[in-house]
Amino acid sequence: MSDPVTLRREGAIAVITVDNPPVNALKHAVRAGLQKLFKEADADASVQAIVLACAGRTFIAGADITEFGKPPMAPSLIEAITDIDNVSKPTVAAIHGTALGGGLEVALGCNYRVASKDAKLGLPEIKLGLIPGAGGTQRLPRLIGIDKALPIILSGNPISASQALQDGLVDEIIEGDLTAGAIAFAKRLASEQLSLKRASRMEDKLTEFRKNPEKFNEVAAKAVGRNKGLKAPMAAVEAVKMTLSVPFEEAIKRERNMFIELLVTDESKSQRHAFFAEREATKVLDMPADTKSREVKQAAVIGGGTMGGGIAMCFANAGIPVTLIETTDEFLKNGLAKIRTNYENTAKRGGMSEADVEKRMSLIKGAVGLEGTKDADMVIEAVFEEMGLKKEIFGKLDKITKKGAILATNTSTLDVNEIANSTSRPQDVIGMHFFSPANIMKLLEIVRGEKSAFDAIQTAITVGRKIAKVPVVVGVCYGFVGNRMLHRRGVQADRLVLEGALPQEVDAATLEFGFPMGPFAMGDLAGIDVGWRIRRARGERNEVADTLAEAGRFGQKTGKGYYIYEKGSRTPIPDPEVEKIILDASAKKGIKRRPISKQEIIERTVYPMINEGARILEEGIASRPGDIDVIWLYGYGWPVWRGGPMHYADTVGLKHVRDRLAHHAKELGDKSLEPAKLLDRLANEGKTFASLASEMKKAS
Ligand code: T1G
């Protein structure tokens, strides 16, 4: 094993290089190597300055998250950074790719930072339910000021090199060879004998806040935003607040203790689970490791409606030319106009420049008729959810599109195999299920048909990541993974309302659980009439929902649904009229209403989804419990600090989930609530979905 940290000389400059692929994480050997070589270079009188650089695609992307929870090995990151901070000659960090978390903290331990122009710098610990634990909450505010540091720490989002230069986090942007530029910068420092800039000893940026401490609370409240109540954001505010009154050495000790406290919280464990689950989800267990993606230089989207338009924007946003296909000039014009309006609204909100709008629009061209797909490497069909229409389109695409083109369908419910078999090349057909609004929602369910070729699947994954989606590969079944589980919640939510709860009570419990919206407010957003028309066509009836629809209460679009909505507002207001409709429906069904607790609401809306998740794993529709978690985290607003339905079940205990489901199944005589075989087995064996995941990984 070669040393992950090495030192070479460029004249009087010592260049220390970290080389620990894939992201130069600060595992033990890297920390020890940094400490040793900085001390060596400092002790060597012939060294006038030190440059810290990284090999590979990025600067240090943080502490090694896989080491968390394991016995700590010295030196700790704080010890290594303190030694770097105490070096008696100029130290310069040369940043490319991403300097994140502990990586930025190491750079903050250096006197100066230079960066390549596309570098990104940030402290994403908050996204792991943590705070910077190696001086970041103390050095960053001292270097750039509290008002700039707090948003970086509390959002967890990286800033660009140019923003970092503006904020004083970076001292110079290097064009061309970064390390050569850093060495030149270091030589200048050595020759100019400048005083060493140590963030740990800087106070001038804190003066204003020390004079007006209440100003701190204003900035903090704004930066915390909607994360109020979560442990890590509150701890981050407390930690940064120490810069106002606590000496540096004492403050980083306390910061460390706060970090260690957060490390053992369910919130952080859940968010770390989500981090790795998202990365695991792109690995198809049975796919040969050498499977290559097909090249996708040009895309086409069939259907210029809300979904089609959003999908086309994803490709343009990623710089991939895309043709939007419609049946008439009129529809095409409307589709393109909606996209332009979308971009212009973003520009109005300052989310992009006018030039960006024109650049993205220039990548979207329109065409009437399927002929427009002939040059595309990937075609995504996003037309009305009707099997006959989709099969007709795929039959035609089969003849029009070039050899090797990926033929994808955005269906959310229909059988991808049946669609694939309407072509002579089912191996090129795959489901790419986007979520509305497609240009915003991160989740992409990639639905592999029984004949989908491995390189077609890999291409969908690669393109999915290129267009900034979180791809998860699932099998073919009704509603795939997300909608299939959501259906279980919907059934129980409707029953709870007939048995005694009110929509606002079910939604309140769901919000308290951490979802951004409850099932009934969601029904109003999606439109109550959508389900009503499908049920009517099937001769089925949902007493409450259909009575609302028959009264013209379609939800937000008619200003009335399960709730009332004042003009221009999306705030749901409970309506006594709905309560009357519900009481009548219970009476009509001969149901004696009873009080229903929040606990029961959660048990009957969340546990059935977990149960359905277990059935989905039994059938192999999802490859890992973590995949189901990623789908719910990125597609259905599952609170990240609960890690996803399957991870959450482990924190509650599978035995408890199983027993409560069995209890409700018996009480209600509802067979759909009976525990899935897999859930029952794991509960009996005292196992978890996490242990199942590692069994699956080993078996693959
Ligand atoms: N530790 C361990 N493994 C990591 C890692 C890390 N910090 N970052 C990435 N990996 C693995 C990842 O699991 C994947 O593995 C591979 O590297 C490529 O990652 C004290 C405590 C850097 C922007 O939160 O955001 O420092 O799946 O697929 O899309 O204050 O990785 O191939 O086996 O994501 O190019 C703070 C986390 C840590 C940054 C690159 N740092 N990483 O994205 O590749 S906490 C972070 C990322 C901390 C200190 C605290 C991204 C990336 P595999 P990838 P990518």
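**From the ligand to the helices**

In this predicted model, an oxygen atom of the ligand lies 2.6 Å from an N or O atom in the side chain of K283. Of the accessible area of 1,000 Å² that the ligand has on its own, the protein covers 76%. The backbone takes part as well: a nitrogen atom of the ligand is 2.9 Å from a backbone N or O atom of A61, and a polar backbone atom of I65 is 2.9 Å from a nitrogen atom of the ligand.

Stepping back from these individual pairs, one finds 27 residues surrounding the ligand, and K283 belongs to the closest of them, together with G102, E105, E125 and R279. Sorted by class, this shell is made up of 15 nonpolar, five polar and seven charged residues. Several elements of secondary structure contribute to the shell, with at least two residues coming from each of β5 (98-100), α3 (102-109) and α12 (266-280). Which element gives the most to the shell around the ligand? That element is α12, which supplies three residues.

The axes of α12 and helix α27, which spans residues 625-635, come within 9 Å and cross at roughly 105 degrees. Because angles of 65 to 115 degrees count as roughly perpendicular, α12 is roughly perpendicular to α27. On the α12 side the contact is made by H273, A274, A277 and E278, while α27 brings G626, D629, V630, L633 and Y634. By class, this contact between α12 and α27 has five nonpolar, two polar and two charged residues.

Helix α28, covering residues 645-652, packs with helix α29, covering residues 654-668, at an angle of about 100 degrees, and their axes are 6 Å apart. These two helices, α28 and α29, are therefore roughly perpendicular to each other. Where they meet, A649, D650 and V652 of α28 face L654, H656 and V657 of α29. The residues of this contact between α28 and α29 divide into four nonpolar, one polar and one charged.

How values were computed. Residues are numbered from 1 along each chain as its sequence is written. This is a predicted model: local features need pLDDT of at least 70, side-chain atom pairs count only at pLDDT 80 or more; totals for chains, interfaces and linings use all residues. Side-chain values use heavy atoms; hydrogens and water are left out. A residue is near a molecule or strand if one of its heavy atoms lies within 4 Å of it. A polar contact is a pair of N or O atoms within 3.5 Å; within protein, one must be able to donate a hydrogen and the other to accept it, and residues adjacent in sequence count only if both atoms are side-chain atoms. Accessible areas come from the Shrake-Rupley method with a 1.4 Å probe; for residues, only the protein chains shown count as cover. Helices (H or I, at least four residues) and strands (E, at least two) are DSSP runs, numbered from the N terminus. Ala, Val, Leu, Ile, Met, Phe, Trp, Tyr, Cys and Pro count as nonpolar, Asp, Glu, Lys and Arg as charged, and the others, Gly among them, as polar. Axes are lines fitted to C-alpha atoms, for helices over the stretch in contact, and angles run from 0 to 180 degrees between N-to-C directions. Angles under 35 degrees count as roughly parallel, over 145 as roughly antiparallel, 65 to 115 as roughly perpendicular and the rest as oblique. Contact means heavy atoms within 4.5 Å.
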